[in-house]
Amino acid sequence: TDDAPRTFEYGFVNKGDEPVIISRLVSTCSCAEASYDKRVIAPGERGVIRLRYNPEGRVGKNVRRVLVYTGTNTQPTAVLRLEVTH
């Protein structure tokens, strides 16, 4: 099996009228690390969130989530889902 880390990209567009500020990303597993290029996404602008997943020691179907927080929200604005079979 290939236990090398893999990177997945989640693209999005700010379709609103106000800038979106990504304040933090929280992964449900230490095996998945999320990052993003910039914190402020202007209306109409595209952004990318990258998820680096390390499958080492994980067999079968694995579902991981990344909670996306924007601004000062205390609840996630979006939830990214990654499903990997290893």
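Strand 3 and strand 5 (residues 46-53) pair in the antiparallel sense over 5 bridges; two strands count as paired if DSSP finds at least two bridges between them. Strands are DSSP runs of E of at least two residues, numbered from the N terminus. Within this pairing, E33 stands opposite R52 in strand 5. The model is a predicted one, in which local features need pLDDT of at least 70 and side-chain atom pairs count only at pLDDT 80 or more, while totals for chains, interfaces and linings use all residues. Residues are numbered from 1 along each chain as its sequence is written, and side-chain values use heavy atoms, with hydrogens and water left out.

The two strands belong to an open, antiparallel sheet of 3 strands with the order 1-5-3. Its edge strands are strand 1 (6-13) and strand 3 (32-36), each of which pairs on one side only. From one strand to the next the twist averages 20 degrees, with axes taken as lines fitted to C-alpha atoms and angles running from 0 to 180 degrees between N-to-C directions.

A further open sheet is formed by 4 strands in the order 4-2-6-7, again with antiparallel pairing. Strand 4 (40-41) and strand 7 are at its edges with a single partner strand each, so one side of each has no neighbour in the sheet. Strand 4 pairs with strand 2 over 2 bridges in the antiparallel sense, and I41 in strand 4 is the bridge partner of V20.

The largest nonpolar core has 14 residues, of which Y10, L25, I49, L51, Y53, L80 and L82 touch the most other members. Such a core is a set of buried Ala, Val, Leu, Ile, Met, Phe, Trp, Tyr and Cys residues joined through side-chain atoms within 4.5 Å, where buried means under 20% relative accessible area with a 1.4 Å probe, protein chains only. Strand 2 (20-27), strand 5, strand 6 (61-70) and strand 7 (78-85) each supply at least two residues of this core. Leaving aside residues up to four places away in sequence, Y53 touches P5, R6, F8, C31, A32, R58, N62, R64, L82 and V84, a contact being heavy atoms within 4.5 Å.

R24 lies over the face of Y69, at 3.9 Å from the ring centre; this applies if NZ of Lys or CZ of Arg is within 6 Å of the ring centre and within 35 degrees of the ring normal.

For the chain as a whole, there are 0 helices and 7 strands. Buried residues make up 27% of its 86 residues.

Technical notes:
Buried < 20%, exposed > 50% of the residue type's maximum accessible area, 1.4 Å probe, protein only.
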